[in-house]
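Trainee: I have a model open and some questions about it. Can we go through the sheet, the helices and the pockets in turn?

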Amino acid sequence: MGEKIELLIPTDWEDISIGMYQEFIELQEKKLPEDEFVAGVVCVLCNVDKEVLARFKYKDLQDISKTLTKWLSKKPDDKKLVKKVEFNGKKYGLIPNLSSISLGEFVDIESSCKDSHKNLHKIMSILYRPIVKEKGTRYSIEEYDPNEYKEDMFKEFPILVSISALSFFFRLGKKLPLILNNYLVREQKKKVQELQRLVRNGGGII
């Protein structure tokens, strides 16, 4: 009797992580021969080594490929924005008010969006952070403190949550430059008013 090999086959986008999705995109970009591409997809999405896959019957590989193709051909639902999600044993929350995003966060996200597929884990590590306080629907998250460990950890983050958040952010992104510009104008105005106040009081300026 041959060796029994168990394989966990994803049946929906909900079963896929950012890392899996990134590897899948890389396979597509390589333009491999069909058989090689199918084998690569099964390895990536079913988390199986090539050496193990080589022991599979060709018919079984075809059946697995059909199962994967069936749902891969469907566009993932990016309309339902997920604000809170359990990840690595912690509760993570999307930045509560994206219109109040800091300049540092916005610049880092915008920079990563130049190659969004490759940097998706970095983008999500900015948008989603551990919830530190929660009351009803309101919550606050950790301060923004980026590092490579946190970014790499997000390769295990669910792709479906990521796609919906990124889609939402892109839609909001059309408004953010105007929001940031208005913010900078307000801050500059405050500084001018403060300087005028100091001048009137005759102090504070050397």
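**Sheet, helix pair and pockets**

Trainee: Which residue in E3 is the bridge partner of Gly93?
Mentor: Keep in mind that this is a predicted model. Strand E2 covers residues 90-94 and strand E3 covers residues 128-135. Three bridges join these antiparallel strands. In E3, the bridge partner of Gly93 is Arg129.

Trainee: Which are the edge strands?
Mentor: Four strands make an open sheet, with antiparallel pairing. Their order is E1-E2-E3-E4. An edge strand here pairs on one side only. That gives strand E1 (84-87) and strand E4 (138-141).

Trainee: What is the average twist from one strand to the next?
Mentor: Take the open sheet in its order, E1-E2-E3-E4. Going from one strand to the next, the twist averages 55°.

Trainee: At what angle to E3 does helix H6 run?
Mentor: Helix H6 spans residues 120-127. It lies across E2 and E3. Its angle to E3 is about 20°.

Trainee: Is H1 roughly parallel or antiparallel to H2?
Mentor: Helix H1 (residues 18-30) packs with helix H2 (residues 34-45), and their axes are 9 Å apart. The angle is about 170°. Angles over 145 degrees count as roughly antiparallel. Therefore H1 is, relative to H2, roughly antiparallel.

Trainee: Which element gives the most to the lining of the largest pocket?
Mentor: This pocket has a volume of about 420 Å³. Of its 21 lining residues, Glu23, Gly40, Cys43, Val44 and Lys50 lie nearest the centre. H1, H2 and helix H3 (50-53) each give two or more residues to the lining. With six residues, the top contributor is H1.

Trainee: How many charged residues are in that lining?
Mentor: The lining of the largest pocket includes 10 nonpolar residues. Four are polar. The charged ones number seven.

Trainee: And the second largest pocket: which element supplies the largest share of its lining?
Mentor: The space there is about 220 Å³. Among its 18 lining residues, Tyr92, Pro130, Glu142, Lys150 and Met153 lie nearest the centre. E2, E3 and helix H7 (148-153) each supply at least two. The largest share, four residues, comes from H7.

Conventions. Residues are numbered from 1 along each chain as its sequence is written. This is a predicted model: local features need pLDDT of at least 70, side-chain atom pairs count only at pLDDT 80 or more; totals for chains, interfaces and linings use all residues. Side-chain values use heavy atoms; hydrogens and water are left out. Two strands pair if DSSP finds at least two bridges between them. Axes are lines fitted to C-alpha atoms, for helices over the stretch in contact, and angles run from 0 to 180 degrees between N-to-C directions. Contact means heavy atoms within 4.5 Å. Angles under 35 degrees count as roughly parallel, over 145 as roughly antiparallel, 65 to 115 as roughly perpendicular and the rest as oblique. On a 1 Å grid over the protein atoms alone, a cavity is a set of points where a 1.4 Å probe fits but cannot get out, and a pocket is an open set with protein on both sides within 12 Å along at least five of seven lines; lining residues have an atom within 4 Å of a point. Grid points are joined across faces, edges and corners, and a volume is the space filled by probe spheres set on the points. Ala, Val, Leu, Ile, Met, Phe, Trp, Tyr, Cys and Pro count as nonpolar, Asp, Glu, Lys and Arg as charged, and the others, Gly among them, as polar.
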